Amino acid sequence: MTIKVALAGAGAFGIKHLDGIKNIDGVEVVSLISRDLAKTQEVADKYGIPHVTTKLEDSLAIKEVDAVILCTPTQMHASQSIACLEAGKHVQVEIPLCDILSEGQAVVNLQKQTGLVAMCGHTRRFNPSHQYVHKKIKAGEFNIQQMDVQTYFFRRTNMNALGQPRSWTDHLLWHHAAHTVDLFAYQAGSPIVKANAIQGPIHKDLGIAMDMSIQLKAANGAICTLSLSFNNDGPLGTFFRYIGDTATYIARYDDLVNGKEEKIDVSQVDVSMNGIELQDREFFAAIREGREPNASVAQVLPCYQVLHDLEQQLNAG
């Protein structure tokens with residue numbers, strides 16, 4: 001069975017999904033949705049996608065569409081996920097699932113009612129570097145004592161990863177911290193029981209904090225320190241240091257080294273070195289096998305509960 005997919009959001013991240021899907025057998029993107037019809041048509045022509053539209057509902061009305069991947073602005077994620085499930089389509093929504101906890105809960109509730117596959121793009125669960133560490137933990141060879149994470153960008157204007165103007169505003173807490181909050185609980189194998197946050201000044205134009213510091217503690221005693229910035233004019237990206245009882249690992253996207261900066265080969269951890277492709281492979285495999293995917297909306301909801309609690313702290317502070 002060929003799984004027929006509609007993809008919403010033909011921006012920087014949508015392109016990453018299209019590139020990953022090219023490598024997956026038995027999957028065809030048949031509809032592309034984005035705001036600018038001319039630009040959407042350009043992307044569709046490049047990837048051989050027959051249908052383009054500016055409205056998600058047009059794609060949901062196509063009977064042959066089995067599943068939808070949402071790479072749209074954060075504020076649309078929950079409502080569009082609900083629209084997909086109500087239309088009888090499996091859905092994978094990019095991170096974050098929501099920026100209001102009750103909306104994320106509504107997605108989880110509807111998924112349970114429909115039994116459809118609903119997954120969130122917590123890519124770090126799939127990156128080979130983090131998979132390598134996860135397998136060590138599952139084998140009982142490594143236990144996290146502390147994670148030290150830096151998420152750094154230089155984004156003082158509202159631009160996307162391709163340097164193009166955004167129509168929406170990104171957020172350190174609900175978007176970028178979500179990756180690490182979820183990954184910490186997932187790798188520790190233990191729920192987060194304590195969380196603290198402080199933030200820097202609010203940007204006069206963007207209306208968001210440009211710097212943030214978060215502390216987490218898991219029930220098993222492991223701790224995590226996360227520093228985030230949109231003000232960082234230096235190496236960009238997210239860098240993870242795993243400090244454990246038997247080793248130290250440093251993950252930089254799909255590269256992994258030990259504490260002595262000796263490279264660890266992660267090329268055989270999975271069938272690809274592309275975390276987005278591996279994430280998509282899990283989505284389609286779950287659809288075919290009729291099972292819950294890794295990073296299902298239900299699995300990641302506790303992360304958003306933590307983010308909600310941190311937002312309450314920041315607002316009160």
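**Ground rules.** I am working with a predicted model, in which local features need pLDDT of at least 70, side-chain atom pairs count only at pLDDT 80 or more, and totals for chains, interfaces and linings use all residues. Residues are numbered from 1 along each chain as its sequence is written, and side-chain values use heavy atoms, with hydrogens and water left out.

**Six-stranded sheet.** I looked up the parallel sheet and found it open, in the order β3-β2-β1-β4-β5-β6. Strands here are DSSP E runs of at least two residues, helices are H or I runs of at least four, and both are numbered from the N terminus; two strands pair if DSSP finds at least two bridges between them. The edges are β3 (51-53) and β6 (118-121), each pairing on one side only. Neighbouring strands are turned by 20° against each other on average, direction ignored. I then checked β1 (residues 3-8) against β4 (residues 67-70): four bridges join them, and A6 stands opposite V68.

**Its helix.** Helix α8 (residues 275-289) lies across β1, β2, β4, β5 and β6, at about 160° to β5. Contact means heavy atoms within 4.5 Å, and angles run from 0 to 180 degrees between N-to-C directions of axes fitted to C-alpha atoms, for helices over the stretch in contact.

**Eight-stranded sheet.** This one is also open, but its pairing is mixed, with the order β8-β9-β10-β7-β11-β12-β13-β14. Its edge strands are β8 (192-199) and β14 (263-264). At the β14 end, β13 (residues 255-258) pairs with β14 in the antiparallel sense over two bridges, and L256 stands opposite I264.

**Core.** Which residues touch the most other members of the largest nonpolar core? Of its 100 residues, they are I214, F284 and Y304. Such a core is a set of buried Ala, Val, Leu, Ile, Met, Phe, Trp, Tyr and Cys residues joined through side-chain atoms within 4.5 Å, where buried means under 20% relative accessible area with a 1.4 Å probe, protein chains only. Leaving out residues up to four places away in sequence, F284 touches I3, V5, I21, I24, V27 and I69.

**Pocket.** Helix α9 gives the largest share of the lining, five residues, and α7 supplies at least two.

Terms used
Buried means under 20% relative accessible area, exposed over 50%, partly exposed in between (1.4 Å probe, protein chains only).
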